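Student: I am new to this structure and would like to learn how to read it. Could we go through some features together?
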Amino acid sequence: MSEIPTLSGTAGASAASGLPSTIVRSGDKRYPALSRGFNQRWIGEPEYVRLVRSPEEARAALAEAVRERPADPRRTRITVKAGGHCYEDFVCGSDVRVILDVSPMCGVTYDAAMQAYCVEAGATNWHVYSHLYPISGKALPGGSCYSVGLGGHIPAGGFGLLSRQHGLTVDYLYAVEVAVVDEHQNVELVVARRDDGDRWLRDLLWAHTGGGGGNFGLVTRFWFRGLPQPPKQVLLTALAWDWKDFTKNEFAALLETFGEYFRDHQDPSTAAGKLFAMLKLNHVSNGQIGLLAQVDVDDPDGARAMTDFIVALDGRIGPAARPMRTMMGEHFVHLEIPRVMPWLTATQALNASGENRCGKYKSAYLRKPFTEQQVDAMWAYLGKEKYTDYVNKQALIQVDSYGSAVNTPLHKTAARQRDSIMKLQYQVYWTQNDAYEDTHIAWIRDIYKATFAATGGVPVADGETTDGCYIGYPDADLNDGHWNGSSQTWETLYYKDAYAKLQEVKRHWDPGNVFRHAQSVRPGKPG
């Protein structure tokens with residue numbers, strides 16, 4: 001009955017299980033590449049990196065690492081790496097002793113016993129798009145960056161271009177397998193199901209539906225039920241407007257129209273409610289403001305929805321729409337005219353992670369269109385009034401459409417931001433040894449603080465227009481009172497009212513706080 005090769009029971013193993021175990025130490029030519037991730041700002045110096053190829057091997061590797069004595073008392077953390085896209089130093093920090101790399105575990109199968117699709121934790125977005133869809137016709141509504149590992153993407157509550165149509169990735173998560181460490185440093189593999197009879201197992205599954213990666217144990221496998229079918233075809237549009245043609249009023253009109261459109265189109269059963277768009281508010285030194293948009297054209301109203309959306313944006317401003325000329329954050333799509341193409345082809349066209357550079361990131365959920373104060377701050381700090389001499393084509397605010405199906409979840413999850421209409425990702429990139437590194441970091445801190453000046457420099461949770469931050473885009477500045485002047489800690493900004501329960505789950509499954517970093521869930525006190 002399976003559409004994909006079936007696992008034998010629930011044991012399983014990756015295709016690479018015939019290879020010898022791989023431990024990489026300093027001096028090995030692979031060490032420099034394996035001790036860092038996507039963000040070149042963070043480069044670890046662990047005692048070793050260990051690549052694991054099966055759940056049992058992951059369990060054994062974790063058990064061995066837990067019992068070892070650190071050679072350097074300054075390096076004590078054990079971390080897990082999948083795709084390596086953690087934006088902060090949580091995985092590849094200077095205090096990391098061991099990195100357990102699960103990337104060799106990237107199988108995608110159908111598990112008949114579970115009646116669910118099984119995806120190993122080292123698989124990337126592109127693995128599930130290119131392996132799952134061609135055989136099954138199913139897809140995860142995940143991100144557009146192909147190399148992001150699911151080991152981090154899923155627990156964070158990952159989203160993507162299909163999310164307004166089909167919700168978050170975690171809305172389909174049925175079970176998770178995790179190597180956990182008890183108070184006696186014993187390590188076991190546990191499988192937690194959504195409908196498990198044991199409360200703690202149900203809670204462990206729940207904690208992986210938005211509770212963040214690297215918090216509760218080493219994830220080895222995910223199982224998904226009820227996965228949606230993506231459209232047969234989508235209409236993809238990419239265009240840009242030249243910054244030199246904008247007045248402040250036109251900039252305000254563009255942002256207001258974008259926000260109002262997604263405020264007013266929140267029904268996922270309609271073509272407009274399925275439409276996903278990314279507005280690229282680049283610093284003026286880039287030369288352009290960009291837009292990427294995708295809509296389901298299996299829906300007979302899809303093409304009209306795209307036309308109406310573009311007309312709504314373009315009709316409020318004077319600058320003429322043009323093709324994209326430059327990289328904008330992690331995307332560069334040069335389309336002279338909108339193009340209809342198969343969903344997988346369009347996904348491949350958009351699947352880019354940009355260069356592996358140094359970077360700093362911040363995030364925000366918006367429940368309403370931009371306020372006048374927010375628009376004024378963005379206009380100023382994008383180089384029109386502040387940072388006018390700053391030159392960085394890769395400094396931007398990416399505004400993603402959000403909500404619709406995301407705001408009508410199928411199950412209870414730890415992902416709490418479920419009534420937003422937009423999701424912001426502040427990004428700035430530079431290369432190693434850039435003499436202006438401090439300026440790049442100052443720019444993103446200043447524009448973010450100015451945007452949310454009315455609420456202490458951060459987008460407070462349950463605010464009038466904002467609803468906190470996304471743990472998938474971690475920002476250690478939220479721990480710092482200089483940059484977070486609100487009354488809310490990072491715990492509330494990410495997790496809202498879910499944090500207390502996440503602490504209970506942490507205390508039960510990771511009582512020794514083995515899995516820790518600057519923004520990891522802290523074990524709760526015994527009840």
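Student: Which residues of helix 10 are buried?

Tutor: Keep in mind that this is a predicted model. Helix 10 spans residues 343-350, and its buried residues are Trp343, Ala346, Thr347 and Leu350. They share one side of helix 10, because the arc they cover around the axis is only 100°.

Student: Now to the rings. How many aromatic pairs does a search of the whole structure find?

Tutor: The search gives 32 aromatic pairs. To read a pair, look at the distance between ring centres and the angle between the planes; an angle under 30 degrees counts as stacked, over 60 as edge-to-face, and the rest as tilted. Take Phe251 and Trp379: their centres are 5.5 Å apart with 55° between the planes, a tilted pair. Phe251 belongs to helix 7 (residues 248-264) and Trp379 to helix 11 (residues 372-384), so this pair links distant parts of the chain, 128 residues apart.

Student: Are Phe251 and Trp379 buried or exposed?

Tutor: Both Phe251 and Trp379 are buried.

Student: Which residues do ring pairs link into a cluster?

Tutor: The cluster consists of Tyr87, Phe159, Tyr361, Tyr365, Tyr402, Tyr429, Tyr470 and Tyr473.

Student: Where does the charged end of Lys501 sit?

Tutor: Over the ring of Trp206, at 4.3 Å from its centre. Look also at Arg225, which lies over the face of Tyr174, 3.7 Å from the ring centre.

Methods
Residues are numbered from 1 along each chain as its sequence is written. This is a predicted model: local features need pLDDT of at least 70, side-chain atom pairs count only at pLDDT 80 or more; totals for chains, interfaces and linings use all residues. Side-chain values use heavy atoms; hydrogens and water are left out. Buried means under 20% relative accessible area, exposed over 50%, partly exposed in between (1.4 Å probe, protein chains only). Helices (H or I, at least four residues) and strands (E, at least two) are DSSP runs, numbered from the N terminus. The arc is that of the directions from the helix axis to the C-beta atoms. Rings of Phe, Tyr and Trp (its six-membered ring) pair if their centres lie within 6.5 Å; planes under 30 degrees apart count as stacked, over 60 as edge-to-face and the rest as tilted. A charge sits over a ring if NZ of Lys or CZ of Arg is within 6 Å of the ring centre and within 35 degrees of the ring normal.
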